[in-house]
Amino acid sequence: MRGKVIVLADGPAVLLRVPALLNGLRAAGLSVTVASSESANIFMPPLAYAALSGRASLSLSALSDEQLGEADLVMAVPASLQLLDLLSGEDWEGRLQALKRPLLIAPALLPTDMQPGFLDELAARLGSRFALVRPSAAAEPLGALGALCVASVEQCLEAALTALTPPDCRDMRLLITAGPTAEDADPARYVTNRSTGRMGVALALKAARRGAKVLLIHGPMTWPVPPHAGIECCAVRSAQQMYEAVMVRLSEHNAAILCAAVADYRPVAYSREKIKKGQESTFSLLLQRTPDILAAVGALPSRPFLVGFAAETNEVEANAREKLYRKGCDMLCANDISEAGSGFAVATNRVTVHFRDGGCQELPMQSKLDVADAILDLMLARWQSAR
Ligand code: C5P
């Protein structure tokens with residue numbers, strides 16, 4: 001991602017967030033400059049901001065309108081109450097009008113300030129020229145200085161990347177299934193598969209950054225979901241629970257990507273007691289089919305725009321097309337999981353997208369985040385023309 005970001009820094013809270021934030025912004029490809037106050041400079045000297053951002057730091061009091069106007073995003077992270085007063089005061093009124101986007105504010109509050117209604121009042125006082133990243137309720141220790149409540153680095157980074165991403169999916173209310181499901185046999189054992197949930201999380205994250213409101217219904221994943229204000233998570237365990245969660249929430253959505261690696265079979269019976277091993281050298285566990293969520297959604301008389309996935313090891317194209325029609329999808333993303341760098345538990349994927357109205361598009365091997373963007377591009381074009 002390209003763009004110029006100015007980070008306004010004030011007070012001791014710079015120790016809590018600024019280094020990791022600058023690293024994250026730079027890792028995203030952004031060009032970052034810090035404008036620090038005198039009080040911030042006591043805790044971290046300007047040379048530290050320059051070393052971390054790769055650009056000479058500026059003085060907050062000498063920041064010019066021109067410098068602010070050139071920035072694609074200005075963020076005050078973390079913002080002390082003094083900085084909040086400065087930014088919402090008369091001196092900054094005109095400057096805020098000249099910004100390309102609302103100024104992103106992650107306030108650093110004393111635990112005693114975290115009273116019900118305080119943040120709502122703050123948001124109302126700041127108005128639409130600001131975007132508030134709300135602090136977490138848990139206070140974070142700041143050495144001998146006490147403790148502060150402030151949004152996490154991931155939340156601040158997500159808010160920044162989202163502000164800088166064109167919101168072309170803003171009309172989408174997108175339901176995504178992700179991860180494996182786990183089918184319990186007894187209190188200790190279960191049947192599952194090697195899915196980590198990484199592709200589904202990548203889709204949720206990219207769609208949310210592009211403005212979609214996402215519901216991520218996921219099994220027990222080993223891949224974390226970054227905190228994003230546009231993603232609501234619903235954790236389930238079994239295929240049956242995932243089926244029920246999808247059916248309850250489906251009507252709120254106008255698009256769905258079902259990419260969970262749902263277990264095809266579950267133990268016929270659940271044993272409340274741990275199953276004991278016997279003398280025999282073999283053991284059989286009787287399994288029965290789980291509900292096919294994608295096929296059930298595809299068969300509904302009125303359903304959202306529907307995208308399925310198919311992880312295949314052979315006859316990838318033929319299997320994918322057959323699955324696309326049998327399960328009633330609009331689009332189906334097929335990947336060959338026998339190919340190195342494609343499929344479970346790796347950072348990359350190579351996907352071919354098949355369309356219901358014929359044809360397909362091969363995407364190159366790329367990171368799962370880039371695959372997610374490419375799938376959303378293809379989906380958006382068809383979803384918009386189908387509306
Ligand atoms: O039949 P297969 O498992 O290969 O189909 C894969 C697609 O179907 C994926 O989109 C997956 O999320 C979905 N699926 C499902 N419920 C199942 C099995 C698969 O939604 N029980």
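Select Glu-315 to begin: this residue is exposed, with a relative accessible area of 57%. Exposed here means over 50% relative accessible area, so Glu-315 qualifies. The model on your screen is a predicted one. Glu-315 belongs to the loop between β17 and α12, the helix of residues 316-326. Check its backbone angles too: phi is positive, at about 45°, although Glu-315 is not a glycine.

**The whole chain**

Switch to a cartoon view to see the 13 helices and 22 strands.

**Across the chain**

How far apart in space are Leu-109 and Glu-315, C-alpha to C-alpha? The distance is 58 Å, and 206 residues separate the two in sequence. Leu-109 is in the loop between β5 (103-107) and α7 (118-126). Is Leu-109 buried or exposed? Leu-109 is buried, since its relative accessible area is 0%, while Glu-315 at the other end of your selection is exposed at 57%.

Now pick Thr-112. The loop between β5 and α7 holds this residue as well. Thr-112 is exposed, with a relative accessible area of 57%. Draw a line from the C-alpha of Thr-112 to that of Arg-289: the two are 54 Å apart in space and 177 residues apart in sequence.

**The ligand**

Select the ligand next. The ligand sits in the largest pocket. Show the residues around it: there are 14, and the closest are Leu-258, Ala-260, Pro-291, Lys-323 and Lys-327. Colour this shell by residue type and you get 8 nonpolar, 2 polar and 4 charged residues. Which secondary structure elements each supply at least two residues of the shell? They are helix α11 (293-298) and strand β17 (305-312).

- Pro-291: one of its backbone N or O atoms lies 2.8 Å from a nitrogen atom of the ligand.
- Ile-293: a polar backbone atom of this residue is 3.0 Å from a nitrogen atom of the ligand.
- Phe-309: one of its backbone N or O atoms is 2.8 Å from an oxygen atom of the ligand.

On its own the ligand has 440 Å² of accessible area, and the protein covers 87% of that.

**A buried aspartate**

Hide the surface and select Asp-186. Its place is in the loop between β10 (183-184) and β11 (190-191). Is Asp-186 buried or exposed? The cut-off for buried is under 20%, so Asp-186, at a relative accessible area of 2%, is buried. Show its side chain and follow it to two backbone nitrogens. One is that of Ala-188, which the side chain reaches at 2.7 Å. The other is that of Ile-275, reached at 2.9 Å.

**A cis peptide bond**

Go to strand β4, residues 73-79, where you will find Pro-78. Select the peptide bond that joins Val-77 and Pro-78. This bond is cis, with omega at about -15°.

**Two more pairs**

Select Val-5 in strand β1, which runs over residues 4-9. Val-5 is buried, because its relative accessible area is 2%. Val-5 and Leu-164 are 159 residues apart in sequence, and their C-alpha atoms are 9.7 Å apart in space.

For the last stop, select Ala-202 in helix α9, residues 198-209. How large is the relative accessible area of Ala-202? The value is 4%, so Ala-202 is buried. From Ala-202, find Ala-318: the C-alpha to C-alpha distance is 26 Å, and the two residues are 116 apart in sequence.

Terms used:
Residues are numbered from 1 along each chain as its sequence is written. This is a predicted model: local features need pLDDT of at least 70, side-chain atom pairs count only at pLDDT 80 or more; totals for chains, interfaces and linings use all residues. Side-chain values use heavy atoms; hydrogens and water are left out. A residue is near a molecule or strand if one of its heavy atoms lies within 4 Å of it. A polar contact is a pair of N or O atoms within 3.5 Å; within protein, one must be able to donate a hydrogen and the other to accept it, and residues adjacent in sequence count only if both atoms are side-chain atoms. Accessible areas come from the Shrake-Rupley method with a 1.4 Å probe; for residues, only the protein chains shown count as cover. On a 1 Å grid over the protein atoms alone, a cavity is a set of points where a 1.4 Å probe fits but cannot get out, and a pocket is an open set with protein on both sides within 12 Å along at least five of seven lines; lining residues have an atom within 4 Å of a point. A molecule sits in a cavity or pocket if more than half of its atoms lie within 2 Å of its grid points. Helices (H or I, at least four residues) and strands (E, at least two) are DSSP runs, numbered from the N terminus. Ala, Val, Leu, Ile, Met, Phe, Trp, Tyr, Cys and Pro count as nonpolar, Asp, Glu, Lys and Arg as charged, and the others, Gly among them, as polar. Buried means under 20% relative accessible area, exposed over 50%, partly exposed in between (1.4 Å probe, protein chains only).
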